[in-house]
Amino acid sequence: MAAMPVSMDVTINLADHGINAQAFRFGNLTMESDKFISVKDAAPDGSSQVAVIDMHNGNTVNRRPMKAEASLMNTTDNIMALK
C-alpha cells in the first residue's frame, strides 16, 4: 500500500486554552496561516472578545475585549483586521 500523501496531527486543542466550544464554527474562527488563530468568543461575563492564539510563541492566548463581527490576523505580523 502506498504512503498517504498528507499526514495530519493535532497541534493545539483550543478547548484546553479556554476557548468556548460554541465558538468553533464558520465565521467565528479563522486560521490564515500556521502562525495565528483568531476566535470571536464570549468572556465569562457575557461580553464579546477576540482571542488570538500565537502558534509560533508557545500557543499563547491574547484576549481583547471587542464588539467585532469577525477578525482576521495578518499572516506574518501581529496585526488584526476587524469587521
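Helices (H or I, at least four residues) and strands (E, at least two) are DSSP runs, numbered from the N terminus.

Figure 1. The protein reads β-β-β-β-β-β along its sequence, with zero helices and six strands in its secondary structure. This is a predicted model, in which local features need pLDDT of at least 70 and side-chain atom pairs count only at pLDDT 80 or more, while totals for chains, interfaces and linings use all residues. Residues are numbered from 1 along each chain as its sequence is written, and side-chain values use heavy atoms, with hydrogens and water left out.

**Figure 2. The largest nonpolar core.** A nonpolar core is a set of buried Ala, Val, Leu, Ile, Met, Phe, Trp, Tyr and Cys residues joined through side-chain atoms within 4.5 Å; buried means under 20% relative accessible area, exposed over 50%, and partly exposed in between (1.4 Å probe, protein chains only). Nine residues form the largest such core: Ile12, Leu14, Ile19, Ala23, Ile37, Val39, Ala51, Ile53 and Met55. Two or more of these residues come from each of β2 (36-42) and β3 (48-54). A second, separate core has five residues, among them Phe36, Val50, Val52 and Met73. In soluble globular proteins, nonpolar side chains tend to be buried together. Of the 83 residues of this protein, 29% count as buried.

**Figure 3. The surroundings of Ala51.** Contact means heavy atoms within 4.5 Å. Leaving aside residues up to four places away in sequence, Ala51 touches Ile19, Ile37, Ser38, Val39, Val61, Asn62 and Arg63. Across the protein, 28% of contacts between residues at least 6 apart in sequence join residues at least 24 apart.
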